[in-house]
Amino acid sequence: MRIVFMGTPGFAVPVLDAVVAAGHEVVASYSQPARPGGRRGRQLVPSPVQARAEELGIPVRTPVSLKGADEQAAFADLRADVAVVAAYGLILPRAILDAPVHGCLNVHGSLLPRWRGAAPIQRAILAGDTETGVGIMQMEAGLDTGPVRLEGRTPVDGKTTGMLTQELAALGAALMTQVLGDLDGHPPVPQRQDGVTYAAKIEKAETRIDFARPAIEVERLVRAMNPAPGAWCEIAGERVKILAADLLPFSFYGAGETVDDQLTIACGDGAIRPTLVQRAGKSVTSTAEMLRGFPVPSGTRL
């Protein structure tokens, strides 16, 4: 089929690769514009999807918006059979949704209608969901309200956002190629009306660890914010990210205090022992290695 691909982050790259490998003609790839990056943040860095599309020789378009008549006309002129969308990051107006012959198909990283919105993987971990998944959704004007053509599931099982993102991207890529190979065999099924939840964008304030919360919730936060932006606390006035931690089954008094010299931290219920950390301006390291040059005595208040 003649396809327009629309995506921005690394999550979308396996989907693009799968569509190309399946033999479809990708006539254009849309991505958000390059952002400042590099070592000093002064260099414009293309998105992972733009970089991959250019490697594949696919024409790339990076409009800041699709609301203008000229952009909508240019999109329609591509005469696509279908648009494949994966974490594109821009709202698709009705004119864009209706332009392809078979509309727009989105790879969404949750089991809809649970976790509609911007951060479904993080929210599933934070909520303690035991299972999540990915769906191929026929897009409509509402926020992730469209019917689902095909769905895959996987246990959360202690995984980080980074782990689940990679897993769901691969699963979504496989599901998308199945749907594109047989649209009639995967008819759109309306979402249930019950069980709707919304996955709001992660705010900066949410990334600071509140050790008054139960340890199980703190550990979920650590996994949900790994690899980025990272859950953090202050130790001796310095910001330290905690990227992995073990849950300890026993409780201590004094939530937010270390209870030994191994950085075991009391929580509102239970305790955690970080295993992977990152001091400001430094590389990720094991807790044991950090403590050799940055000791944290028992009784330190975080």
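Which residues does N106 touch, not counting residues up to four places away in sequence? In this predicted model, local features need pLDDT of at least 70 and side-chain atom pairs count only at pLDDT 80 or more, whereas totals for chains, interfaces and linings use all residues. Residues are numbered from 1 along each chain as its sequence is written, and side-chain values use heavy atoms, with hydrogens and water left out.

N106 is placed in strand β7; helices (H or I, at least four residues) and strands (E, at least two) are DSSP runs, numbered from the N terminus. With a relative accessibility of 7%, N106 counts as buried, where buried means under 20% relative accessible area, exposed over 50% and partly exposed in between (1.4 Å probe, protein chains only). The residues touched by N106, apart from those up to four places away in sequence, are V85, A86, A87, G135, I136, M137, M139, D144 and M176. Contact here means heavy atoms within 4.5 Å.

Strand β7 belongs to an open sheet of 7 strands with mixed pairing, in the order β5-β2-β1-β6-β7-β9-β10. Two strands pair if DSSP finds at least two bridges between them. The pairing of β9 (residues 131–138) with β10 is antiparallel and extends over 7 bridges, with M137 opposite V148 in β10. Helix α6 (residues 161–181) packs on this sheet and touches β1 (2–7), β6 (82–86), β7 (104–108), β9 and β10, its direction making about 150 degrees with that of β10. Such angles run from 0 to 180 degrees between N-to-C directions, and axes are lines fitted to C-alpha atoms, for helices over the stretch in contact.

Within helix α1, the residues V13, V15, L16, A18 and V19 are buried. The buried residues of this helix pack against β1, β2 (25–30), α2, β6, β7 and α6. The axes of α1 (residues 13–21) and α2 (residues 48–55) come within 9 Å and cross at roughly 25 degrees. The two helices are therefore roughly parallel, a term applied to angles under 35 degrees, with those over 145 counted as roughly antiparallel, 65 to 115 as roughly perpendicular and the rest as oblique. Their contact is formed by V13, L16 and D17 of α1 with P48, V49, R52 and A53 of α2. By class, this contact has 5 nonpolar, no polar and 2 charged residues. Following α1, G23 has a positive phi, near 95 degrees.

Strands β12 and β13 run antiparallel and are joined by 5 bridges. In β12 (residues 231–235), 4 of the 5 residues are buried, so this strand is largely enclosed by the rest of the structure. A231 stands opposite I242 in β13. The hairpin of the two strands has 2 residues between them, and A236 takes a positive phi near 55 degrees.

L247 lies in β13 (residues 238–248) and is partly exposed, at a relative accessible area of 40%. Leaving aside neighbours within four places in sequence, L247 is in contact with A215, I216, E219, A271 and I272. Although L247 and P274 are 27 residues apart in sequence, their C-alpha atoms are 8.8 Å apart in space.

Definitions and conventions:
Ala, Val, Leu, Ile, Met, Phe, Trp, Tyr, Cys and Pro count as nonpolar, Asp, Glu, Lys and Arg as charged, and the others, Gly among them, as polar.
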